[in-house]
Amino acid sequence: MADVDNTFTSSKLINISQCHSSYGKNNQLAKPKLDRWKDLNNAIIDWMNNDAIEETSVRIAEQNNFQFYDKIQKAILSDLFSRFRTIYPKRDIEFNHDFPIKEINKEINGEEYALTTYFTYEFIDQGSSEFIKLKTAFDPEPELLDRAIISKLKAENEDFYTASIEREDLEEIELVDNPDEIINQHFDILENFLNNRQARNQGELCSRGCDMASRCGQFPLINIDKLTNRIREVKISKTNTVKLQNCERRAAWNVQYGIPREDYIEYESESSGTKFHKYSQEMLVNNNNFTSDEDIERFNKISENEEVITREKLFSKYRELIEKLKPYSNLSITKSEFNLGFTIVADGRGLKNGEVVDKKVASVFMGRADLVGRADGTPIIIELKTRPELPEDFLEAQLYALGASKLLSVNEIKILHIYLPDEDSSIKERIFSESELVEAEKKYESLAIKSASWVPFNALSPAYNIGDWCEFCEFKSTCLENR
Ligand code: SF4
Ligand code: SF4
């Protein structure tokens with residue numbers, strides 16, 4: 001059997017396939033949904049194992065496991081718990097809650113490794129087993145690798161289900177026809193990783209699911225030499241940084257507490273702004289000929305599947321963009337959607353043995369720049385906006401400038417905002433030298449003090465600040481009910 005360190009789940013492998021450096025030891029990064037999931041699981045176990053009448057066993061389970069949360073999170077947990085009880089009413093059968101697994105082993109480089117799928121529960125009744133994966137996400141589908149392992153190892157007397165709490169449904173896990181092929185593909189990902197563990201490949205994962213952002217070097221440490229596991233961590237996207245400036249509660253509910261948004265949209269069609277970014281990035285990266293008429297015409301080719309009106313509009317914006325870029329001599333754009341940011345530590349609050357204590361907190365501020373490269377040898381970051389200028393664009397410029405200066409160890413960065421609304425295009429150039437970088441650091445230190453002060457488990461601890469921004473707030477009703 002493989003050692004626990006040599007055991008890989010589908011989610012670990014999905015992350016590794018995007019960036020090897022994303023694999024790392026546990027740290028104290030805020031993961032509210034995971035914390036709540038653990039307490040929900042504990043409540044389910046308490047309830048299952050309590051022979052008292054339903055009402056009493058539910059009350060005791062909630063008391064034992066939800067009492068430390070604020071009332072918003074308590075309500076979320078109680079709702080999830082009640083949904084589970086509807087999906088899977090208590091039955092008097094054998095109950096295994098020690099995370100039963102199914103796994104496939106393989107020797108790589110002389111060591112034993114395992115691809116593993118975990119279940120939250122196994123219910124055993126008269127020699128037959130039901131394995132249950134407890135999922136609270138909107139998309140509860142198990143990953144392909146999990147389905148492949150189950151398909152390969154399923155015995156006659158075993159059934160596999162997902163308890164999807166959002167959908168309030170118990171769904172049988174679909175088997176696959178080609179489990180060996182899928183399993184081998186995943187062992188290839190693993191082998192590739194084992195042969196080059198440190199490879200860093202910034203991308204979409206940085207902001208989405210990676211726990212290693214403060215440690216991998218992509219978001220350098222600003223005011224501390226080394227992070228320890230005693231430092232609590234919070235990851236703050238560019239959008240949430242802007243929110244943090246206006247209303248701490250709004251930012252905190254997004255980044256630290258994972259309070260459900262009231263504007264949840266499952267699918268949104270690609271906007272013309274997104275299309276403009278996509279095509280412009282495709283045109284400009286690693287293209288030293290972008291000012292030539294011939295090359296500009298290529299835009300029509302790559303956007304040929306768009307409707308005529310959309311294509312004409314996009315093309316006219318692209319021509320304006322090129323006009324704005326023409327004065328920059330020796331401009332070479334090398335990357336798009338490039339993650340930039342940094343990690344700042346501030347004195348704040350954390351938990352020790354259930355008590356709120358003083359604790360250092362690392363805030364990882366990050367954003368994805370549209371285009372990066374060099375102009376006359378100086379690093380340049382270009383942001384394309386299909387809207388007019390907003391005051392918050394300065395905060396974004398500070399984020400990218402400070403992040404890039406630390407990442408590249410340089411003291412001068414140029415930031416261009418190119419505004420291409422339907423009327424009146426314009427360009428704003430900002431040069432960040434030493435004094436501007438110091439100013440940016442101070443600004444972000446003041447923001448990090450705010451994010452460090454949020455008490456884990458208490459979503460009502462961050463201060464709210466009512467203003468014009470409330471109109472577009474994703475927590476409008478929940479906030480109103482809790483002032
Ligand atoms: S933050 Fe990004 S670059 Fe760093 S380890 Fe994670 S995915 Fe890789
Ligand atoms: S409604 Fe206003 S005060 Fe409340 S969280 Fe949203 S932005 Fe803040």
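Predicted model: local features only at pLDDT ≥ 70, side-chain atom pairs only at ≥ 80, totals over all residues.
**Entry 1**

Going through the partners in S6, I found Phe123 to be the bridge partner of Phe95, while Asn96 has Glu122 as its bridge partner.

I then followed S6 to strand S7 (residues 128–135), where five bridges join the two strands, again in the antiparallel sense. One of the pairs I wrote down is Asp125 with Ser128, the latter being the bridge partner in S7. S6 and S7 form a hairpin with two residues between them, and I marked Gln126 in the turn for its positive phi of about 45°.

Which order do the strands of this open sheet take? I read the order as S3-S6-S7-S8-S9, five strands with mixed pairing. Strand S3 (94–96) and strand S9 (169–172) stand at the edges, and each has a single partner strand, so one side of each is left without a neighbour in the sheet. From one strand to the next, I noted a twist that averages 25°.

**Entry 2: the three-stranded sheet**

Next I looked up an open sheet of three strands, which has the order S1-S5-S4 and mixed pairing. Its edge strands are strand S1 (7–9) and strand S4 (101–108), each of which pairs on one side only.

I checked both pairings of S5. S1 and strand S5 (residues 111–118) run parallel and are joined by three bridges, and within this pairing I found Phe8 standing opposite Leu115 in S5. S4 and S5, by contrast, pair in the antiparallel sense, over eight bridges; here Glu111 in S5 is the bridge partner of Ile108. The hairpin of S4 and S5 has two residues between the strands, and in it Asn109 takes a positive phi near 50°.

**Entry 3: ligand 1**

I turned to ligand 1 and listed the residues around it as Cys19, Ser21, Ser22, Arg200, Gln202, Leu205, Cys206, Cys210, Ala213, Cys216 and Phe219. How does the shell around ligand 1 divide into nonpolar, polar and charged residues? I noted seven nonpolar, three polar and one charged.

I also asked which domains the shell around ligand 1 draws on. At least three of its residues come from each of domain 1 (4–181) and domain 2 (208–483). As for the space taken by ligand 1, I recorded it as the largest cavity.

**Entry 4: ligand 2**

Last, I looked up ligand 2, around which I found Cys247, Arg249, Arg250, Tyr464, Asn465, Trp469, Cys470, Cys473, Cys479 and Arg483. The residues of this shell divide into six nonpolar, one polar and three charged. The cysteines that I listed around ligand 2 include Cys470 and Cys473, and those around ligand 1 include Cys206 and Cys210.

How values were computed: Residues numbered from 1 in each chain as written. Chains lettered and ligands numbered in written order. Heavy atoms only, no water. Near = heavy atom within 4 Å. 1 Å grid on protein atoms, 1.4 Å probe; cavity = no way out; pocket = protein on both sides within 12 Å on 5 of 7 lines; lining within 4 Å. Sits in = over half its atoms within 2 Å of the grid points. Nonpolar A, V, L, I, M, F, W, Y, C, P; charged D, E, K, R; others polar. Domains from an automatic or database assignment. Pairing = 2+ DSSP bridges. Helix = DSSP H or I, 4+ residues; strand = E, 2+ residues; numbered from the N terminus. Axes fitted to C-alpha atoms, helices over the stretch in contact; angles between N-to-C directions.
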